Amino acid sequence: MSTYVVVGLQYGDEGKGKITDVLSAKSDYVVRFQGGDNAGHTVYVGEEKFVLHLLPSGVLQCKGKCIIANGVVVNPKSFIREVGQIESKGLRTDHIFISRRAHVIMPYHILLDTYREEEHGGTQIGTTKKGIGPCYEDKIARIGIRMVDLLNPEILRDKIEKNVKVKNSLFEKYYGKPTLDVEEIYNEFLEIGKQLQDRIVDTELELNEAIRDGKNVLFEGAQALMLDIDFGTYPYVTSSSPSTGGVCTGAGVPPTSLQNLIGVAKAYCTRVGNGPFPTELDNELGEKIRQIGGEFGATTGRPRRTGWLDLVSLKHACMINGINNLVITKLDVLTGIGTLKIATHYKTEDGKIIDYFTSSTTKLYDYEAIYEELPGWTEDITKARSYDELPDNAQKYIEFIEKYLGINVYLVSVGPERSQNIIRKELF
């Protein structure tokens, strides 16, 4: 059994796409198991930059199949657009498939997402307005449209008629917005179904057979644990479970099949959108890290909030995910900072010192991060390819993380390109 799961451990944007890209070269399957095109996974191949939103990040290197599994909400128009972009670079896409059970993001989902944010002045959640949340809502309400429905004209029409009737009433009477035309949506998505019919398959059966046969199967998450619908900073979270547990429901495989659980974290911390951020650096140093690290959203272009590494939240994320292999990315961004800080505890609103994460998002706003200070380094580490090539202080930084978490760092990323990695042990 050779299964690998790559998940984020902070607030997203940790560099999961790069790690998935590196591991996909030896994978028979690369599987995206949750989220939608609100994700932004950036992969560099030489001078070429690929920003993937819906397609698995392994699409560029995987010689086997790339699967968009049942737990993903799929905007088929985004899918077609991304496939076209990949093909325009001369790369193959005939190995990309979508689960018949995956739910479809419809035009009314995107509008509903947009109108809600407008109503709250963009201050409520900070959504990407891609329709992700409303699509998951319809899925849970059992009124959603699935990819398999695009292949059945009668079912598709019936579901669109019922959904548009309700959504139009909401748009017109509550939001004061124009209504949608059933016939226009039906014709558009019926045609999309014809265009994608050869890609829409039963993925869970094939994945379980592949695992049983000892194939290398790589599962890729979007977002990260601190944005998990259950274990993140609710309500400032995504609408799915970007955890290792999410693989089971999001791809239809049992927990006993999951073997190598790989958690990705930056050497510092960033967050996009609203919500508490105990180690945030809302100052000149934070801006410096943002500029050096290129901390701008791959999907939205929004500047990311930056801060020191938070080991309290990272321990929480590793615990929930059961991480047994840790990846630290963007270590090179910290080069040149004289004194580095790492949060190891929180001071609560009533003065208590704790080393565990809280379920109360409102209280977290009032928590004060307590730091350990470590000396920085000035040497260029972007060309380092072995751990011994790192400066002593960079090694001490990594080893401090390992000791606190009790988990070994198996890979250190020292630059954006797929070759800029220090791999301390081979997983394949």
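These legends walk through several close-up views of a predicted model. Local features here need pLDDT of at least 70 and side-chain atom pairs count only at pLDDT 80 or more, while totals for chains, interfaces and linings use all residues. Residues are numbered from 1 along each chain as its sequence is written, and side-chain values use heavy atoms, with hydrogens and water left out.

**View 1. The open sheet has 10 strands with mixed pairing.** Follow the order S9-S7-S5-S2-S10-S1-S11-S15-S19-S20. Strands (E, at least two residues) and helices (H or I, at least four) are DSSP runs, numbered from the N terminus, and two strands pair if DSSP finds at least two bridges between them. At the edges sit S9 (200-201) and S20 (421-423), each pairing on one side only.

**View 2. Strand S2 (residues 29-32) has parallel partners in S5 and S10.** Four bridges link S2 to S5 (residues 65-68), and four link S2 to S10 (residues 216-220). Look for tyrosine 29: its bridge partner in S5 is lysine 65, and in S10 it stands opposite valine 217. Tyr29 and Val31 point one way, Val30 and Arg32 the other, and all are buried; buried means under 20% relative accessible area, exposed over 50%, and partly exposed in between (1.4 Å probe, protein chains only). In a regular strand, side chains alternate between the two faces of the sheet.

**View 3. Strands S1 (residues 2-8) and S11 (residues 260-266) run parallel, joined by five bridges.** Here tyrosine 4 is found opposite asparagine 260 of S11. Helix H1 (residues 16-24) packs on the sheet, touching S1, S2, S10, S11, S15 (325-329), S19 (409-413) and S20; contact means heavy atoms within 4.5 Å. The direction of H1 makes about 165° with that of S1, where axes are lines fitted to C-alpha atoms, for helices over the stretch in contact, and angles run from 0 to 180 degrees between N-to-C directions. Helix H8 (residues 244-251) also packs on the sheet, touching S1, S2, S10 and S11, and its direction makes about 115° with that of S1.

**View 4. Helix H10 (residues 311-321) is largely enclosed by the rest of the structure, because eight of its 11 residues are buried.** Among the buried residues are Leu311, His316 and Asn321. Aspartate 310 caps the N-terminal end of H10, with a side-chain oxygen 3.0 Å from the backbone nitrogen of valine 312. Just after the helix, glycine 322 has a positive phi of about 65°.

Definitions and conventions
A polar contact is a pair of N or O atoms within 3.5 Å; within protein, one must be able to donate a hydrogen and the other to accept it, and residues adjacent in sequence count only if both atoms are side-chain atoms.
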